[in-house]
Amino acid sequence: MRHRRKRLWKVVLSAIVVMGVGAWYLLRSHESDPYQFLAGRSPTDVTVRGPGSWGPEEWRTYSWKEDWRQVSAQASRELPKFGLTKEPQSDFPNSETWMGGKIDGGPCGIGTDHGVRIALGRAQPLPLRDLTDGNPEWVTVFVTSDIDDNWVNLVRYTFFAYHD
């Protein structure tokens, strides 16, 4: 009897580990950003936002020590090749916004299915009252993209999303 209980606990713990690893794999971001100006960096943060005025989206944040104007100049040469256009005015000083698949949402403003924002300074933790700390030695790049409306992403934005 004791041996049977011990074996049952091993089976239960093994099942929990397998389910946990499977859930981690399914729920993590599988998106990668192909931009050369990111120099192969991995995001420092990935978060999702559920549907609201716009559809569900994923935000990938990259932040590293470099002059933001140099990164912006590199991005200006590269991003048009991906169908992104620079927006003439940004709501945050010392930043540039690029949009692809632009959508006029009327009173909800302008949205996009894919966007890039390059900003001076180190990324601030959410909520983004200020995008960055303004440190002139750092640059932060925010890449946003719509995510598919499927059960995996539903779980992601229901339980793990950033909410305003």
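Two strands count as paired if DSSP finds at least two bridges between them. The exercises below use this rule on a predicted model.

**Exercise 1. Find the bridge partner of Thr-85 in S4, and decide whether S3 and S4 pair.**

Step 1. Look across from Thr-85 into S4: the bridge partner is Met-99.
Step 2. Count the bridges. S3 (residues 85–86) and S4 are joined by 2.
Step 3. Apply the rule. At least two bridges are needed, so S3 and S4 pair, and they run antiparallel.
Step 4. Turn to S7. Here 6 bridges link S4 to S7, again antiparallel.

**Exercise 2. Decide whether S4 is enclosed or open to solvent, residue by residue.**

Step 1. Set the cut-off: buried means under 20% relative accessible area.
Step 2. Sort the side chains. Ser-95, Thr-97 and Met-99 point one way, while Glu-96, Trp-98 and Gly-100 point the other way.
Step 3. Score both faces. All of these residues are buried.
Step 4. Conclude. With 6 of its 6 residues buried, S4 (residues 95–100) is largely enclosed by the rest of the structure.
Step 5. Compare the loop between S3 and S4, where Asn-94 lies. Asn-94 has 45% relative accessibility, so it counts as partly exposed. Leaving out residues up to four places away in sequence, Asn-94 touches Trp-68, Ile-118, Ala-119 and Leu-120. Its C-alpha atom is 8.5 Å from that of Gly-134, 40 residues away along the chain.

**Exercise 3. Work out which side of H2 is buried and what it packs against.**

Step 1. List the buried residues of H2: Trp-68, Val-71, Ser-72, Ala-75 and Glu-78.
Step 2. Check their directions. They cover an arc of only 125° around the axis, which puts them on the same side of H2.
Step 3. Look at the other side. Arg-69 and Arg-77 are exposed there.
Step 4. Name the packing partners. The buried residues of H2 pack against S2, S4, S7 and S8.
Step 5. Inspect the start of H2. A side-chain oxygen of Asp-67 comes within 2.7 Å of the backbone nitrogen of Arg-69.

**Exercise 4. Trace the largest nonpolar core and the surroundings of Phe-37.**

Step 1. Pick out the members that touch the most others. Among the 17 core residues these are Tyr-35, Phe-37, Leu-79, Val-116, Ile-118 and Val-141.
Step 2. Assign elements. S2 (57–65), H2 (68–78), S7 (114–120) and S8 (138–146) each give two or more residues to this core.
Step 3. Follow Phe-37. Beyond four places in sequence, its contacts include Trp-64, Val-71, Ala-75, Leu-79, Val-116, Ile-118 and Val-141. Phe-37 also touches Gln-74 and Glu-78.
Step 4. Widen to the chain. Of its 164 residues, 35% count as buried.

Key. Residues numbered from 1 in each chain as written. Predicted model: local features only at pLDDT ≥ 70, side-chain atom pairs only at ≥ 80, totals over all residues. Heavy atoms only, no water. Core = buried A, V, L, I, M, F, W, Y, C linked by side-chain atoms within 4.5 Å. Buried < 20%, exposed > 50% of the residue type's maximum accessible area, 1.4 Å probe, protein only. Helix = DSSP H or I, 4+ residues; strand = E, 2+ residues; numbered from the N terminus. Contact = heavy atoms within 4.5 Å. Arc of directions from axis to C-beta. Polar contact = N/O pair within 3.5 Å; in protein donor to acceptor, adjacent residues only side chain to side chain.
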